[in-house]
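Below are some notes on helix packing in this model. Please read them alongside the coordinates.

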Amino acid sequence: MTLMLTKSEVQSLLDIDACIDAVEEAFLAQARGYALKSGVLGTHVDGGGFHVKTSGLSCGRRYFAAKINANFPGNRLLNGLPTIQGVIALHDASNGSLLALMDSVEITTLRTAAATAVAAKQLARNDAGTVTVIGCGVQGRSQLVALSRIRSLVSVKAYDVDNRIAREYADGMSQIIGCAVEAVDDYRIAARESDIIVTCTPAHDPVLSRSDVREGTFIAAVGADGEDKQELEPALLASSKVVVDVMEQCATIGDLHHALDAGLMRREDVHAELGDIVSGRRPARESAGEVIIFDSTGTALEDVAAASLVYERAIELGAGSQISLTS
């Protein structure tokens, strides 16, 4: 039997705190050799595209997950549909059994934010309390909630190309995280006054340059998850300590690949993968003045960590519905 879990069921089973812990454990497992190799495949179509990401974990019960996500940025305006729609198939990696099919949207949102929190815990200064979020969509909300779990925030600035969305974000998030959030018209000024910057936009050209960042800043670049997407100026990466979620993926579809193409960086210039930082194999922040970038393309390792957690909670609580796809 295969467990079916809807979006609302996944939302009821997955919280950000547990997701942060699961993602951190997954990166640690990867560093210790208990993760299956991740894979990614992308296809562009008019108005959007599809990507498939796969990975597995072999510590405790062995899991394999494959996620198919559709990303159509104009969907809400043109079709009244979500930007991202998709499904995760979770298998038993020991015998291939299809354990569950579940909506991918909440998992994608939370696991991406959880990875930022894991990175920030290691790479942001301990006293980092001022944040600028560039891009006030669903991901921007989850990013800020996740950061509030690992740092004591004192001031947040929010920017979106649609100022109305930024104002709504500021009003709502102030209540959620218990910290003043202010919508701003000039994100560059805000960024220069921040300890942490998160970019979560669909940009195809850099939105952040070296002159926008002060010493000691931690930057989570979340939006570039395709060859044609870019949020950071290559010179900014070249002048910073760069940590990636997955080297091969970031070198192909992340902000890193633009710095490589520009000839300003080599793969050898990347400081570490996040798993190396979490495991202590490579040093995290080494000085208060370092500018550190986390190039986050979203690895399926995060998907399998979150999906397996959702599945185990669902089995324990009797959530979802069981079907037989083979009958």
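A crossing is called left-handed if the near helix is turned anticlockwise from the far one by less than a right angle, and right-handed if clockwise. The model is predicted, so to speak of local features a pLDDT of at least 70 is needed, side-chain atom pairs count only at pLDDT 80 or more, and totals for chains, interfaces and linings use all residues. Residues are numbered from 1 along each chain as its sequence is written, and side-chain values use heavy atoms, without hydrogens and water.

1. The crossing of α4 and α5 is right-handed. Their axes (lines fitted to C-alpha atoms over the stretch in contact, with angles from 0 to 180 degrees between N-to-C directions) lie 8 Å apart at an angle of about 40°. That makes α4 oblique to α5, oblique being what is left after under 35 degrees (roughly parallel), over 145 (roughly antiparallel) and 65 to 115 (roughly perpendicular).

2. Helix α4 (residues 105-123) also comes within 9 Å of helix α12 (residues 300-317), axis to axis, crossing at roughly 120°. That makes α4 oblique to α12. This crossing is right-handed. In contact (heavy atoms within 4.5 Å) are Ile107, Arg111, Thr112 and Ala115 of α4 with Glu302, Asp303, Ala306, Ala307 and Val310 of α12.

3. Helix α2 (residues 16-31) spans 23 Å from first to last C-alpha, close to the 22 Å expected at 1.5 Å a residue, a span counted as 1.5 Å times one less than the number of residues. Of its 16 residues, 12 are buried (under 20% relative accessible area, 1.4 Å probe, protein chains only). The buried residues of α2 pack against elements including α4, α5 and α12.

Technical notes: Helix = DSSP H or I, 4+ residues; strand = E, 2+ residues; numbered from the N terminus. Buried < 20%, exposed > 50% of the residue type's maximum accessible area, 1.4 Å probe, protein only.
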